[in-house]
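This report describes selected features of one protein chain. Please examine the sequence and the structure shown below before reading on.

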Amino acid sequence: LSETAAGLGRSQIQSSLPAGTNAVDLAPERPLSASAYVVVFVASSAAEQTTPVALRISDSSSSIQFLNFTDQDLDGGEIGGLIYWEPSSDSAEVFQHVVYLAGTIL
């Protein structure tokens, strides 16, 4: 993780990875701090490259604005009807919505 695309202010996620490794797991709940980029440097036995490949971190959340459901199924123990919501005003990073039925509200 790094403050800039050039790797300034970087912090190593884990120890050096052997050649052929092309993935690393970043555990959840890690504080973002000042990090704005994921950077990967390639190293040989002689030196580490000076310019990494960088990806800007997008750590955003979005919630729907309004949720509505009216049960139109007249049978007891059964539900049916339209579930409707208004999308968030900032949904640039949203690529899908997932709807669940839940027994309790957290």
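Leaving aside its neighbours within four places in sequence, with which residues is Val24 in contact? The contacts of Val24 beyond those neighbours are Ile13, Gln14 and Leu17. The model examined here is predicted.

Val24 belongs to the segment before E1. Its relative accessibility is 41%, and Val24 is therefore classed as partly exposed, since that class lies between the limits of 20% and 50%. One of its contacts is Ile13. Along the sequence, Val24 and Ile13 are 11 residues apart, while in space their C-alpha atoms are 8.6 Å apart.

Ser35 is located in the segment before strand E1, which covers residues 37-40. The relative accessible area of Ser35 is 13%; because buried means under 20%, Ser35 is counted as buried. When neighbours within four places in sequence are set aside, Ser35 is in contact with Leu1, Ser2, Glu3 and Ile57.

Side chains of opposite charge can pair when their charged atoms come close. In this model the count comes to one salt bridge. Arg10 forms a salt bridge with Glu48, and the closest N and O atoms are 3.1 Å apart. This pair links distant parts of the chain, 38 residues apart: Arg10 is in the segment before E1, whereas Glu48 is in the loop between E1 and strand E2 (53-56).

How accessible are the two partners, Arg10 and Glu48? Arg10 is partly exposed, at 46% relative accessibility, and Glu48 is also partly exposed, with a relative accessible area of 42%.

## The aromatic pair

A pair of aromatic rings is described by the distance of the centres and the angle of the planes. The search of the whole structure finds one aromatic pair. It is formed by Phe66 and Tyr84, with 6.4 Å from centre to centre and 65° between the planes. Because an angle over 60 degrees counts as edge-to-face, the pair of Phe66 and Tyr84 is given that description.

Phe66 is partly exposed, with a relative accessible area of 40%, and Tyr84 is partly exposed at 38%.

## A nonpolar surface patch

Ile64, Leu67, Phe69, Ile79, Ile83, Val99 and Leu101 make a nonpolar surface patch of about 660 Å². One of these residues, Ile64, is found in the loop between E2 and strand E3 (66-69). Ile64 has a relative accessibility of 33%; a patch residue needs over 30%, so Ile64 passes that limit while counting as partly exposed.

## The segment after strand E4

Ser89 and Val98 are both located in the segment after E4. Is Ser89 buried or exposed? At 78% relative accessibility, Ser89 is exposed; Val98, at 48%, counts as partly exposed.

Ser89 and Gly7 are 82 residues apart in sequence, and their C-alpha atoms are 33 Å apart in space. Val98 and Ala5 are 93 residues apart in sequence, with 33 Å from C-alpha to C-alpha.

Terms used. Residues are numbered from 1 along each chain as its sequence is written. This is a predicted model: local features need pLDDT of at least 70, side-chain atom pairs count only at pLDDT 80 or more; totals for chains, interfaces and linings use all residues. Side-chain values use heavy atoms; hydrogens and water are left out. Helices (H or I, at least four residues) and strands (E, at least two) are DSSP runs, numbered from the N terminus. Buried means under 20% relative accessible area, exposed over 50%, partly exposed in between (1.4 Å probe, protein chains only). Contact means heavy atoms within 4.5 Å. A salt bridge is a side-chain nitrogen of Lys or Arg within 4 Å of a carboxyl oxygen of Asp or Glu. Patches are made of residues with over 30% relative accessible area and no salt bridge: like charges are joined within 9 Å, nonpolar side chains (Val, Leu, Ile, Met, Phe, Trp, Tyr) within 5 Å. Accessible areas come from the Shrake-Rupley method with a 1.4 Å probe; for residues, only the protein chains shown count as cover. Rings of Phe, Tyr and Trp (its six-membered ring) pair if their centres lie within 6.5 Å; planes under 30 degrees apart count as stacked, over 60 as edge-to-face and the rest as tilted.
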